[in-house]
Amino acid sequence: MAGIWQGIVLAGLLAAGPGAPSAQADPTPRRQAQLDHLLRQDCGSCHGLRMTGGLGPPLTRQALATRPRELLISTIALGRPGTAMPGWEALLSPQDIAWLADRLLQGFPP
């Protein structure tokens, strides 16, 4: 099932075209909206629409408070073997992944 979602997300991200940000630039407001959508739809499908948990663990600000940022970035990029958590590094830039991690650490959704 995760493969289907990754395919759908990949199609949407590729549709972003040449306006997609490079790994060196902060995501544009348009890209941030796309990444927010990814958090709500793809991450939310397992972690709950409010990130309070479901198939996957909660990703609330409180749940992540003791987790290092680098661990969250690594988990998003590489996934978690033996679980339903896929790696996203083939679909997202390191900048996108870092932005997603920071968004979660700041308390997504607001």
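Buried residues make up 38% of the 110 residues in this chain, where buried means under 20% relative accessible area, exposed over 50% and partly exposed in between, with a 1.4 Å probe and protein chains only. Keep in mind that this is a predicted model: local features need pLDDT of at least 70, side-chain atom pairs count only at pLDDT 80 or more, and totals for chains, interfaces and linings use all residues. Residues are numbered from 1 along each chain as its sequence is written, and side-chain values use heavy atoms, with hydrogens and water left out.

On to the fold. We have five helices and zero strands, in the order α-α-α-α-α. Helices here are DSSP runs of H or I with at least four residues, strands are runs of E with at least two, and both are numbered from the N terminus. Take contacts, meaning heavy atoms within 4.5 Å: among those between residues at least 6 apart in sequence, 58% join residues at least 24 apart.

So what sits inside? The largest nonpolar core has 19 residues, and I76, L92, L100 and L104 touch the most other members. A nonpolar core is a set of buried Ala, Val, Leu, Ile, Met, Phe, Trp, Tyr and Cys residues joined through side-chain atoms within 4.5 Å. The elements giving two or more residues to this core are α2 (29-47), α4 (69-78) and α5 (94-106), and α5 provides the largest share, with five residues.

Let's stay with α5. This helix has 13 residues and reaches 18 Å from its first C-alpha to its last, close to the 18 Å expected at 1.5 Å a residue; that expected span is 1.5 Å times one less than the number of residues. Its buried residues are Q95, D96, I97, A98, W99, L100, A101, R103 and L104, and their cover includes α2, α3 (61-64) and α4.

Not counting residues up to four places away in sequence, I76 touches M85, P86, G87, W88, E89, I97, L100 and A101.

One last stop: T60, in the loop between α2 and α3. Is T60 buried or exposed? T60 counts as buried because its relative accessible area is 19%. Leaving aside neighbours within four places in sequence, T60 is in contact with R50, M51 and T52.
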